[in-house]
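Please open the structure in a viewer and keep the sequence at hand.

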Amino acid sequence: MSIAAPDSPVAAIASATPSRLVNEVDNRAAYVSFGLANLLGHGAAAVSQGNSPLLGLPGWLPTTLLGIGLATGITQATVAALRAQRGATGPDVLSGKLLGASWIAAFTALFLAITGLTSALDMPELQPILWPAGSGLIVGLLYLAEGAARRNLLHYSLGVWLALASTTALFLGTPGLYWVLAIAVGGAYALAAALERRRLVQHAGHPQH
């Protein structure tokens, strides 16, 4: 009669709590930060702008809330990406660096496009409309690229929604644009954050070789 060797403590722990795959980015913190940035920043703009504003808020408050949330989200996304690159091979490291550099290039291009367009048309009043919609479009397209490169369907799908919702909001003007960005975009981030844990668990339980 054969006696089965007892499971090692390491194996027991691994079976009880599936570990995250190497190079798999945990986007939950970034999703929450970006979601709050849209909900609070654009939400504050939605309730304080228009012909009949619901609240009288200082003009700097929505921009400040949005800026803090975006800065926190970018930081969280960067930390998560760097953490996922530990132990990665050369090609994966290069791919991560190129994707990170894409954020700088994309937002630099957006700055030049909006600044140049509003200057050429002599319509600086368009900037408060173009920046929120343009930022959503750029982030959405970057998510598309990241989702395709990392084979992350959730990230890719969120990118599709961000790009379409942000550009569709341009048809509404203000404050309708801000309502769409606060609810549709902020809500999408909240849903993605809720689904991210399940995605990580599924990947940990079904490692790809």
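**A pair of helices**

Helices H4 and H5 are roughly antiparallel to each other, a term for angles over 145 degrees. Select residues 90–121 for H4 and residues 127–150 for H5; their axes come within 10 Å and cross at roughly 155 degrees. Here the axes are lines fitted to C-alpha atoms over the stretch in contact, with angles running from 0 to 180 degrees between N-to-C directions. The crossing of H4 past H5 is right-handed, that is, the near helix is turned clockwise from the far one by less than a right angle. The contact of H4 with H5 has 16 nonpolar, five polar and two charged residues. In this classification Ala, Val, Leu, Ile, Met, Phe, Trp, Tyr, Cys and Pro are nonpolar, Asp, Glu, Lys and Arg are charged, and the others, Gly among them, are polar.

**The whole chain**

This is a predicted model, in which local features need pLDDT of at least 70 and side-chain atom pairs count only at pLDDT 80 or more, while totals for chains, interfaces and linings use all residues. Residues are numbered from 1 along each chain as its sequence is written, and side-chain values use heavy atoms, leaving out hydrogens and water.

Helices (H or I, at least four residues) and strands (E, at least two) are DSSP runs, numbered from the N terminus. Of the 209 residues, 34% are buried, meaning under 20% relative accessible area with a 1.4 Å probe, protein chains only.

**Helix H6**

Now select residues 153–168, which form H6. This helix of 16 residues reaches 22 Å from its first C-alpha to its last, close to the 22 Å expected at 1.5 Å a residue; the expected span is 1.5 Å times one less than the number of residues. The buried residues of H6 include Leu154, Leu158 and Leu162.

Move on to serine 166, also in H6. Is serine 166 buried or exposed? Serine 166 counts as buried, because its relative accessibility is 1%. A polar atom of its side chain lies 2.7 Å from the backbone oxygen of leucine 162.

**Helix H7**

Finally, select glutamate 196 in H7, residues 176–205. Glutamate 196 is buried, with a relative accessible area of 0%. Its side chain makes a polar contact of 2.8 Å with that of arginine 199. A polar contact is a pair of N or O atoms within 3.5 Å; within protein, one must be able to donate a hydrogen and the other to accept it, and residues adjacent in sequence count only if both atoms are side-chain atoms.

Definitions and conventions: Angles under 35 degrees count as roughly parallel, over 145 as roughly antiparallel, 65 to 115 as roughly perpendicular and the rest as oblique. Buried means under 20% relative accessible area, exposed over 50%, partly exposed in between (1.4 Å probe, protein chains only).
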